[in-house]
Amino acid sequence: MRDMGAAGLIEVRIKSDDKSGRKTGTRRSYAFAEFRSEDDAVDFLERHYPALNITTSHGSSTRVPIDYSRERRHVANPDDWKCTMCYFENFSRRATCKQCKAPRTSESAADMKLDGKSDECPQQTPSQFLVIRDLASSVTEATLAAEIKKLYVAKEDEPKQSSTAPTKLKSTAPIGNTSGLGAKPGSLTRVFMIRNKYSDISCNYGFAEFLTLDDARAAMVKYSASPQFTIASKPVTIAFIHSGVFIPFLHPAQDQDRRFTFAATHNPTLRLVYWNPSVYANEFAIFNETLYGDKPQNTEQIKNETDRSTGRESKKRKAEKDLLAPNGKKVIAMAPQLQMWANKHAELHGPNELNNSKESIDDKAPAAGSNALGTTDTNVLATSSAPFISYADLDRMCCLLCRRKFKNEPSLRRHEKISDMHKANIDNETLIARAIKDLKALGKEPESNYRDRAKERRMAHNQPSKPTPHPPKKYPQMTRDSGFSAEAPPAKPSTSKGAGLLAKMGWSTGEGLGAEGGGRTNIIETMAYAPGVGLGAEGGKIGDAAEEAARATKNDYADFVSKAKDKARERYGKMG
């Protein structure tokens, strides 16, 4: 090509089509020529278009067509659109988003009207989140949570009319029948209010999250059956949301980002954020009173308390009272001695607070700080024998590990004992580190219910925390006046097992072995050798096996020094 006047030619790349060669048995080759500038390429093409006559090595001429190459660059279709909910790129032919199923809109995320209407699912597919629109400007998160609880199932008993009262006519107003409809009480976990990031002004719509999908569906059934559902005396619209409303926050969450994001219920490590970056969802957790509230007493317990207050106890009640163990459970009749040990066992392995005691044992344990574990009533909370660590702040009456607030201390302790959320968060190192950090910021430390009984005994008997070391025993030393020896008494020589057996057969120390005593008198030496070295190799013998074993057992630095000196002397002796 340079002979043909290709000025500015940089390189030529030859390609071969192997696929066509497999089908037809011949290989088709093609090449690309790269020029330094576009003008050089245009000049060469205009002079030789449409083909080049190339002479081969055999002297034959070949006609090769030439043309401009096509750049394989993806040219975006201007009709393609980006979803404003999940920011997914969709083709122009799609009417709904492929990822979140949101309808196509020509407005951008910044220009869209923030009224919650775009968050409704077009197909009304059930989800755990409900969007509440058309809220009043005065509605707060607490007000929204209290009003959404009206979607709980409630069985209201109709008032009974007396036989003498006249019969009242029923109202003919169109009131929907919602009896038996609604979500399970306590299923509402948290609510969100959409607020502006800069002014913190409410956008007059929010969201409600239920514990399960069935609870959210039951709440929607009650809303649909109600003729009009109002919040703060204003009718509102409730619907299911689509999957693109709350999207994952993929960046590492910083301190300023935690205000605008929240943790997912199914995965606390995943942070979610509202799809529109100009606003944020303000989280408000719901306290479940049905799980942590005090259970009402049944009719039989109320009757028993009434009889006890009036001093009237039946014979059966007195008999059952005699068969009660210290932990409050009924036991079988047994001998007095066995009954005493049964009571001791119940005292050690049962609850810490006995029913017959006026003062709890836990009250005698030392507790330091405002965050120390207090005592709770046995009827309210049965303490577990296994120790656990509390991350609670008793001043604010909240659990810093789960970020939940409670009305009183028994409810807080019950949450730490039986809550599934608390048990799951105990295994989360991130939440534990955050709770410890919050406690240290308040000047507190996590408290454990472990009871150090040894420390209590030392405090009761005024004993030191560490025992006083006893001085070593000193042997009596001799003086010339007293007649005692100045040196310590010699140690008694130890007799080996073999020497004892020989002594039983008549052998004494210093004699030779054998019946006539003419055998060897010296013991057989046991030598230690370096591993992997032959018996006759120089330097393979380490030394006496017993001494080496004793040196390895003691691991003393002095033995190491003496061994090094012996080796040095041995090398010096070999040098002559």
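Is C121 buried or exposed, and why does it count that way?

Modeller: This is a predicted model, and in it C121 counts as buried because its relative accessibility is 7%, where the cut-off for buried is under 20%. C399 also falls in the buried class because its relative accessibility is 1%. As for bonding, a disulfide is a covalent bond between the sulfur atoms of two cysteines. With a disulfide taken as a pair of cysteine sulfur atoms within 2.5 Å, the count for this model is zero. C399 takes part in no disulfide, for the nearest cysteine sulfur belongs to C402 and lies 4.0 Å away.

Turning to the strand, β7 covers residues 129-133, and five of its five residues are buried, so the strand is largely enclosed by the rest of the structure. The cover extends to both faces of β7, with F129, V131 and R133 buried on one side and L130 and I132 buried on the other. Strand β9, residues 202-210, runs antiparallel to β7 and is joined to it by four bridges, and within this pairing I132 stands opposite G206. Strand β12, residues 237-240, also pairs with β7 in the antiparallel sense, again over four bridges, and here R133 stands opposite T237.

For contrast, I14 in strand β1, residues 9-17, counts as exposed because its relative accessibility is 67%. Together with M1 and V12, I14 forms a nonpolar surface patch with about 270 Å² of accessible area.

How values were computed. Residues numbered from 1 in each chain as written. Predicted model: local features only at pLDDT ≥ 70, side-chain atom pairs only at ≥ 80, totals over all residues. Heavy atoms only, no water. Patch = residues over 30% accessible without salt bridge, like charges linked within 9 Å, V, L, I, M, F, W, Y side chains within 5 Å. Areas by Shrake-Rupley, 256 points an atom, 1.4 Å probe, with all protein chains shown as cover. Salt bridge = Lys/Arg side-chain N within 4 Å of Asp/Glu carboxyl O. Helix = DSSP H or I, 4+ residues; strand = E, 2+ residues; numbered from the N terminus. Buried < 20%, exposed > 50% of the residue type's maximum accessible area, 1.4 Å probe, protein only. Pairing = 2+ DSSP bridges.
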